[in-house]
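The sequence and structure are shown below.

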Amino acid sequence: MFARAAQRRLLSARLPSLARPFSSTPSRRTDFDHVVIGGGVVGLAIARSLALHSSSDDPSTLLLERNKQLGTETSSRNSEVIHAGLYYGPSSLKTRLCIAGREALYQFCATKGIPHARVGKWVVAQDASQLATLDRIHALCKDTLGVPTRWVGAAELQREEPSLRARAGVLESSATGIVDSHALMQALHGDFEGAGGQTAVASLVTRIEPLRASPSAVPGSGGWRLLVRDVQSGEESTITTSTLVNSAGLGAAGVHNMIVAPGRRARLFYAKGNYFSYAASAPKVRRLVYPVAAPGAGGLGTHLTLDLAGRMRFGPDVEWTDAPYDYAVSPARLASAVPEIRKYLPDIDVSALAPDYAGVRPKLRPAGHKEFVDFYIRKEDGYEGWVNLLGIESPGLTSSLAIGDLVRDMLCGSQRVEGSPSLVHATEYGEEEPLDSLAK
């Protein structure tokens, strides 16, 4: 699959972008400067930023993806919403990256011709408690974040969206939009390979070894050695890299656990979200509609989103699962989704709802956890040249370009990320994440 110097050849003809021996230069002690594990939207954005930063003519960044195609997991199984940054508090990493990423994403989409639309979002409150939550969000956005929000009056609600129910109030987010996630990932990949980056799909990392520059040096100071298996042929190859980025999404805990000591191994928790299509022409809504999320719900509620053709869909709900790669829609979940939808769209034609698709979100905390949990993006203590990303769920797509630039600065500059949450150790909740979890 891979090669170092002229002695080793690639084993897989299925990877034309890598189907040649790598050159060896005196200045490079490893095959690559950077290896990014995980070819979802965040991994693509990181790889793109690293490749664009490189000043070397020799390919310096490799993107590894275990699936046969890029972006087939969480990145393509979501609501495709460009979030404004309403929900994540005044100083969290999610807020910072969502706001910066949103503006960068709109500009990137406009420059690259990626289909997108700034359709706006209405968050609807049904009682005094929910209205108080919206009031706090509005104050935070206005006084601290600079995120545009405004109250929608009863007359405007009736005029613009007469089919909607909002008994207590409506808060509008005009900066919220939607994007074609597939076109976005294609554009990111085009930039990455245009900057000399290389991609290897169907490539499963099975072992990672941090190298030391000297016996007393920090692990990773001498680079990193990876064993990579071609998932179709079963053949294995070894590559080395100066730096390593774990952006493996659903499999990120498995990658993490290949590196750390048993006492530092982590686990993720998986929230499956089922989506339901709507085939009727009425009622018709022209913008995104979100309920007020309940603490500990694991998501933002079963909301109404639009695709770029204006078709409505509903979801995701939250179905906790131990099968992170099971994307079959659970038809039985429709019965519990209908009452949630009817709270804000009472005249919905239930017969026009049908199971559509499902996605799985990696969570850092289990079901029932009610406190806010931030992104985990760190240069891990005790290692050199390793940036670790865990629990990258919503607003990961919105934040992707900002995350890419942040990781680039962490590896190529001096920037550190403070405030990432602690990890749940595998032993706290039963079995630890197996090392072969990426192969499922």
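Contact here means heavy atoms within 4.5 Å. Helices (H or I, at least four residues) and strands (E, at least two) are DSSP runs numbered from the N terminus. The model is predicted, so local features need pLDDT of at least 70 and side-chain atom pairs count only at pLDDT 80 or more, while totals for chains, interfaces and linings use all residues. Residues are numbered from 1 along each chain as its sequence is written, and side-chain values use heavy atoms, with hydrogens and water left out.

**Helix pairs**

Axes are lines fitted to C-alpha atoms, for helices over the stretch in contact, and angles run from 0 to 180 degrees between N-to-C directions.

| Pair | Axes come within | Crossing angle |
|---|---|---|
| α1 (residues 41-53) and α5 (residues 181-194) | 8 Å | roughly 25° |
| α2 (residues 93-112) and α8 (residues 396-412) | 6 Å | roughly 100° |

Angles under 35 degrees count as roughly parallel, over 145 as roughly antiparallel, 65 to 115 as roughly perpendicular and the rest as oblique. On that scale, α2 and α8 are roughly perpendicular to each other. Their contact includes Leu 97, Leu 105 and Phe 108 of α2 and Leu 397, Leu 401 and Leu 406 of α8.

In the other pair, Val 41, Leu 44, Ala 45, Ala 47, Arg 48, Ala 51 and Leu 52 of α1 meet Leu 184, Met 185, Leu 188, His 189, Asp 191 and Phe 192 of α5.

**A loop residue**

Ala 202 is placed in the loop between β9 (198-200) and β10 (203-211). With a relative accessible area of 3%, Ala 202 is buried (under 20%; exposed is over 50%, partly exposed in between, with a 1.4 Å probe and protein chains only). Not counting residues up to four places away in sequence, Ala 202 touches Glu 65, Arg 66, Asn 67, Lys 68, Arg 229, Asp 230, Val 231 and Gln 232. Its C-alpha atom is separated by 9.8 Å from that of Val 228, 26 residues apart along the chain.

**Nonpolar cores**

A nonpolar core is a set of buried Ala, Val, Leu, Ile, Met, Phe, Trp, Tyr and Cys residues joined through side-chain atoms within 4.5 Å. The largest has 42 residues, and Leu 304, Phe 314, Tyr 344 and Leu 345 have the most contacts inside it. Helix α3 gives the largest share of this core, five residues. Another core, of 39 residues, lies apart from it and includes Cys 109, Phe 375, Leu 397 and Ala 402.
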